[in-house]
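I opened the file to look up a few local features one at a time. My entries follow in the order in which I made them.

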Amino acid sequence: MDTTDWWLVKKRTADADGAVYVSADGTRYRRTGGPALRSEAAFQQMAATLGYPVPQVLEHGETSTGTFFVDEESLGGQSLHEEALAALDGGRELSDQVVDQLAEVSSRLLAAQAAHPVDGGPHALRRWVEQAGWTRNVFTENPDLDTRRARAALARATDELTGTPMVWGHLDYGLPNVLPAGVIDWQHHGVTPLGYDVALALEVIPFKGGAKGYAATPQQRERYLGVLDSAARATGRPRVSPHRGAFLLVKSLFFLALMRPPEPARADKHQKWQYRRHLFLKGLEQYERTGNIDTALFPTLDSFASGQDTPGRT
Ligand SMILES: Nc1ncnc2c1ncn2[C@@H]1O[C@H](COP(=O)(O)OP(=O)(O)O)[C@@H](O)[C@H]1O
Ligand SMILES: [Mg+2]
């Protein structure tokens, strides 16, 4: 009999029926949800055998009411997102200590990924664009963005990445899913080019519109990428930073997925959708012009909303 008391942590962001609970003694986390949870648990068990920094799965199955559950060990403490918020001291600058902890976990993840390339077949990169970028959803919700221009830039990104080892990746990697002891929340896992997850962990912060509370400085971003490049070189793999632009082009689609609100739309939802469309087009234009995307040049949601597309402060 299950005698554990469970406390609700939160409803699951990407699964309307799912939730996360913590045991009363804080040693275990339980996820509940639909059948997709079973594949999340199976993936996490496989990733552990590859040396990925993931929580150990302790138990999984189906309850009498047909809900799936997965219990995993607690990685302890707070996510780096929570640590970053707690470390803010009136300003907006991300704490160097959080960047260092991120660099450490990211290097471990990258090393495990580099040691276990997977053969995704000849279409692996194209499939990654579709899966990681949710392209079917994005181009259905935004048919006007499904242009030859957009398709050409995505083809350029996959050309650029040809030959990069393909590995199992997280697809939603960032401070909220990283704890000092490892990486949680593997529901979106898929096959990615090496570096896709880790290279963007600080680059994705501006997509939140400047509302996250913290921002990484250009020095922190360069330093972080430098650590990753060294970690990649140490495994005999090429640097990951040269592909930041190609990775971000796909990520800017991910941030546009599922954003179109049903009509009649609430004004704030409509605006957020328009903002993400704007960021995608801005990134596309930068990638076409320079082969790179600098998210520090993105406007904040507030400056976009007030009609001034000025760079967000970092
Ligand atoms: N194994 C774990 N160890 C420590 N904290 C966890 C663990 N799993 C979940 N959490 C906590 O629960 C929160 C939500 O979990 P997460 O899987 O990221 O949910 P979501 O899918 O909604 O993003 C995390 O931010 C973290 O604070
Ligand atoms: Mg999460």
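I began with L258, which is found in the loop between α9 and α10; helices (H or I, at least four residues) and strands (E, at least two) are DSSP runs numbered from the N terminus. L258 has a positive phi of about 60° although it is not a glycine. With a relative accessibility of 54%, L258 counts as exposed, where exposed means over 50% relative accessible area, buried under 20% and partly exposed in between (1.4 Å probe, protein chains only).

Before going further I noted that this is a predicted model, in which local features need pLDDT of at least 70 and side-chain atom pairs count only at pLDDT 80 or more, while totals for chains, interfaces and linings use all residues. I also noted that residues are numbered from 1 along each chain as its sequence is written, that chains are lettered from A and ligands numbered from 1 in the order in which they are written, and that side-chain values use heavy atoms, with hydrogens and water left out.

In that loop between α9 and α10 I also found P264, and the peptide bond leading from E263 to P264 is cis, with omega near -5°. I then checked helix α9 itself (residues 244-254), and 11 of its 11 residues are buried, among them F247, L248, L249 and F254, but also R244 and K251.

For S79, I asked which residues it is in contact with, leaving aside neighbours within four places in sequence. They are L175, P176, V178 and L179, contact meaning heavy atoms within 4.5 Å. S79 lies in the loop between β5 (68-73) and α2 (80-87), and S79 is buried, with a relative accessible area of 8%.

I turned to A14, in the loop between β1 (6-11) and β2 (19-23), which counts as partly exposed at 47% relative accessibility. Leaving aside neighbours within four places in sequence, A14 is in contact with Q187 and H188; the C-alpha atoms of A14 and Q187 are separated by 8.7 Å, although the two are 173 residues apart along the chain.

My last entry concerns helix packing. Helix α6 (residues 148-161) and helix α10 (residues 267-290) pack at an angle of about 55°, with their axes 11 Å apart, axes being lines fitted to C-alpha atoms over the stretch in contact and angles running from 0 to 180 degrees between N-to-C directions. That makes α6 oblique to α10, since angles under 35 degrees count as roughly parallel, over 145 as roughly antiparallel, 65 to 115 as roughly perpendicular and the rest as oblique. The contact is made by residues including R149, A153 and E160 of α6 and F280, L284 and E288 of α10.
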